Amino acid sequence: SLSEPNREQWLRTYYFVRAAASFAWVAGALTLAQHSLPLASGWLILYPLWDAAANFWDAARSGGPTQNRSQLINVAVSLIVTVVAAYALFAGTTWVLAVFGAWATLAGLLQLITAIRRWKVGAQWAMVLSGGQSALVGGLFITQAHTPTIESVKTLAGYAAMGAIYFL
């Protein structure tokens with residue numbers, strides 16, 4: 001387990017890496033959305049996969065699995081969603097957006113739990129806001145799944161950009 005100053009430094013580094021990766025994902029999503037809705041939809045698969053890796057990395061560095069159950073659940077859910085989203089891509093964009101929305105809701109709730117658990121470390125208000133927003137916005141994505149357009153991919157990019165801002 002990390003000492004308190006090392007934990008604060010670790011979290012600072014982690015949040016900057018998460019922000020940079022999210023901004024890169026947003027740029028890719030917006031670029032791909034200009035050219036191909038199926039290609040942009042495929043890009044959605046990378047987001048939960050990255051989230052799984054990032055949560056695993058953070059849990060391992062922040063006390064291990066026994067102290068970070070909400071993150072480990074998030075890893076499992078994000079990996080399952082990656083597989084389901086990849087499958088759904090073949091079923092049509094509508095299902096990809098619905099899967100992404102359900103994942104955003106559940107992942108947001110798990111992030112909210114992690115942030116509340118870490119409150120004593122300080123500066124967790126942004127993580128609380130991010131988790132809460134993700135949980136609420138996931139329902140919007142499920143609703144949008146019935147009308148897949150380039151605009152819905154841009155909306156998802158906006159969601160990711162807000163997450164990046166929160167991490168930053």
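Which residues does Ile45 touch, not counting residues up to four places away in sequence? The sections below take this residue, then two others, in a predicted model.

## Ile45 in helix α2

Ile45 touches Thr82, Ala85, Ala86 and Leu89, leaving aside residues up to four places away in sequence. Ile45 itself belongs to helix α2, which runs over residues 37–61.

Its relative accessibility is 15%. Buried means under 20%, so Ile45 counts as buried. The C-alpha atoms of Ile45 and Ser78 are 9.9 Å apart. Along the chain, 33 residues separate Ile45 from Ser78.

## Ser70 in helix α3

Ser70 sits in helix α3, residues 69–91. Ser70 is buried, at a relative accessible area of 8%.

The side chain of Ser70 makes a polar contact with the side chain of Thr114, at 2.5 Å. Thr114 is also among the residues that Ser70 touches, with Leu110, Ile113 and Arg117. That list does not count residues up to four places away in sequence.

## Phe141 in helix α5

Helix α5 covers residues 125–144 and includes Phe141. Phe141 is buried because its relative accessibility is 1%, and the cut-off is under 20%.

Not counting residues up to four places away in sequence, Phe141 touches Leu97, Phe100, Gly101, Ala104, Thr155, Leu156 and Tyr159. Leu156 lies 15 residues from Phe141 along the chain. The C-alpha atoms of Phe141 and Leu156 are separated by 7.8 Å.

Technical notes. Residues are numbered from 1 along each chain as its sequence is written. This is a predicted model: local features need pLDDT of at least 70, side-chain atom pairs count only at pLDDT 80 or more; totals for chains, interfaces and linings use all residues. Side-chain values use heavy atoms; hydrogens and water are left out. Helices (H or I, at least four residues) and strands (E, at least two) are DSSP runs, numbered from the N terminus. Buried means under 20% relative accessible area, exposed over 50%, partly exposed in between (1.4 Å probe, protein chains only). Contact means heavy atoms within 4.5 Å. A polar contact is a pair of N or O atoms within 3.5 Å; within protein, one must be able to donate a hydrogen and the other to accept it, and residues adjacent in sequence count only if both atoms are side-chain atoms.
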